[in-house]
Amino acid sequence: LAPLPYLRLMPTGGIDERNMQAYFEAGAVAVGVGSKFLSPEALAQRNWKGIVAATQKLVSIAEKKDRSR
């Protein structure tokens, strides 16, 4: 954001629980997360507990970002 600090960016692709916070720290206002937590395998296996756990982890990271405003 350094050259254009007024932009409101929402990166997508390759974002997961390991790097999501770094995107927020770099100035992202939101992130798009998909297959990193909602994989076709988890859906095919009906791994609802795994999907819920992954979602809760990502929400927890996003809530930290929201509290830091």
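These exercises walk through a predicted model of one chain, each with a worked solution.

Local features here need pLDDT of at least 70, side-chain atom pairs count only at pLDDT 80 or more, and totals for chains, interfaces and linings use all residues. Residues are numbered from 1 along each chain as its sequence is written, and side-chain values use heavy atoms, with hydrogens and water left out.

**Exercise 1. The overall build**

Task: Describe the secondary structure and the extent of the chain.

Solution. 
- Step 1: Count the elements. The chain has three helices and zero strands. Helices (H or I, at least four residues) and strands (E, at least two) are DSSP runs, numbered from the N terminus.
- Step 2: Read the order. From the N terminus on, it is α-α-α.
- Step 3: Take the extent. The C-alpha trace spans about 45 × 25 × 15 Å along its principal axes.

**Exercise 2. Surface and charge**

Task: State how much of the chain is buried, what its surface amounts to, and how far apart the mean charge positions lie.

Solution. 
- Step 1: Of the 69 residues, 19% are buried. Buried means under 20% relative accessible area, exposed over 50%, and partly exposed in between (1.4 Å probe, protein chains only).
- Step 2: The accessible surface comes to about 5,100 Å². Carbon and sulfur atoms hold 56% of that surface. The areas come from the Shrake-Rupley method with a 1.4 Å probe; for residues, only the protein chains shown count as cover.
- Step 3: There are 10 positive and 6 negative charges, and their mean positions are 3 Å apart. Lys and Arg count as positive, Asp and Glu as negative; His and the chain ends are not counted. Each charge is placed at NZ of Lys, CZ of Arg, CG of Asp or CD of Glu.

**Exercise 3. A salt bridge**

Task: Find which side chains meet in a salt bridge, and classify both residues.

Solution. 
- Step 1: Search the whole structure. One salt bridge turns up. The term means a side-chain nitrogen of Lys or Arg within 4 Å of a carboxyl oxygen of Asp or Glu.
- Step 2: Name the partners. They are Arg-18 and Asp-16, at 2.6 Å from N to O.
- Step 3: Classify Arg-18. Its relative accessible area is 70%, so Arg-18 is exposed.
- Step 4: Classify Asp-16. Its relative accessible area is 6%, so Asp-16 is buried.

**Exercise 4. Two loop residues**

Task: Examine Gly-32 and Arg-46. Is each one buried or exposed?

Solution. 
- Step 1: Gly-32 lies in the loop between α1 and α2. Its relative accessible area is 16%, so Gly-32 is buried.
- Step 2: Gly-32 touches Met-10, Pro-11, Thr-12, Gly-13 and Ile-15, not counting residues up to four places away in sequence. Gly-32 and Ile-15 are 17 residues apart in sequence and 7.3 Å apart in space, C-alpha to C-alpha.
- Step 3: Arg-46 lies in the loop between α2 (40-44) and α3. At 60% relative accessible area, Arg-46 is exposed.
- Step 4: Check the backbone of Arg-46. Its phi is positive, about 55°, although Arg-46 is not a glycine.

**Exercise 5. Along helix α3**

Task: Locate Lys-64, classify it, and give its separation from Ile-51.

Solution. 
- Step 1: Lys-64 belongs to helix α3 (residues 48-67).
- Step 2: Lys-64 counts as partly exposed because its relative accessibility is 46%.
- Step 3: Lys-64 and Ile-51 are 13 residues apart in sequence and 20 Å apart in space, C-alpha to C-alpha.

Conventions. Contact means heavy atoms within 4.5 Å.
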